[in-house]
Amino acid sequence: MNKLNTNQKRRLARAISRAASAELAARQAQLRLIRAERRVVAEEFEALRRIAIIISLPFLFLLCAIFSSFWFILIAEAIIKSAR
């Protein structure tokens, strides 16, 4: 087995250090990318949620009006029947 001299050991240590730094930088970049993607997805979800609320509110009011008139008709019929 070949033994490394001091200069070779120093170079090897620097190469290992650079490789570790590059790997750490790659992981940090990947985490930044994941955070950015999550932020974009959250913003898109929020926009879609707002659109859904805007679209569904008129239908909600319409359903409330329909059910209110339905209950009013039932109560009116019950009052009319009890008055006979």
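## Salt bridges around Glu 46

Glu 46 and Arg 50 form a salt bridge, with 3.8 Å between the closest N and O atoms; the term stands for a side-chain nitrogen of Lys or Arg within 4 Å of a carboxyl oxygen of Asp or Glu. Salt bridges that share partners link Glu 46, Arg 49 and Arg 50 into one network. In the bridge between Arg 49 and Glu 46 the N to O distance is 2.7 Å.

The model is predicted: local features need pLDDT of at least 70, side-chain atom pairs count only at pLDDT 80 or more, and totals for chains, interfaces and linings use all residues. Residues are numbered from 1 along each chain as its sequence is written, and side-chain values use heavy atoms, with hydrogens and water left out.

Glu 46 and Arg 50 are four residues apart in helix α1, about one turn of the helix. Arg 49 and Glu 46 are three residues apart in helix α1, again about one turn. Arg 50 is exposed at 51% relative accessible area, while Arg 49 is partly exposed at 39% and Glu 46 is partly exposed at 26%. Here buried means under 20% relative accessible area, exposed over 50%, and partly exposed in between, with a 1.4 Å probe and protein chains only.

## Glu 23 and Arg 27

The count of salt bridges is three. One of them joins Glu 23 to Arg 27, whose closest N and O atoms are 2.8 Å apart. Both residues belong to helix α1 (residues 6–83) and are four residues apart, about one turn of the helix. Glu 23 is partly exposed at 43% relative accessible area; Arg 27 is exposed at 51%.

## Aromatic pair

There is one aromatic pair. Phe 70 and Trp 71 form this pair edge-to-face, at 6.0 Å centre to centre and 70° between the planes. Rings of Phe, Tyr and Trp (its six-membered ring) pair if their centres lie within 6.5 Å; planes under 30 degrees apart are stacked, over 60 edge-to-face, and the rest tilted. Phe 70 is partly exposed, at 44% relative accessibility.

## Overall form

The protein has one helix and zero strands; helices (H or I, at least four residues) and strands (E, at least two) are DSSP runs, numbered from the N terminus. The radius of gyration is 35 Å, well over the 12 Å that the globule rule gives for 84 residues, so the protein is more spread out than a compact globule. This radius is taken over C-alpha atoms, and the rule is 2.2 Å times the number of residues to the power 0.38.

The C-alpha trace spans about 115 × 25 × 10 Å along its principal axes. Of the 84 residues, 0% count as buried.
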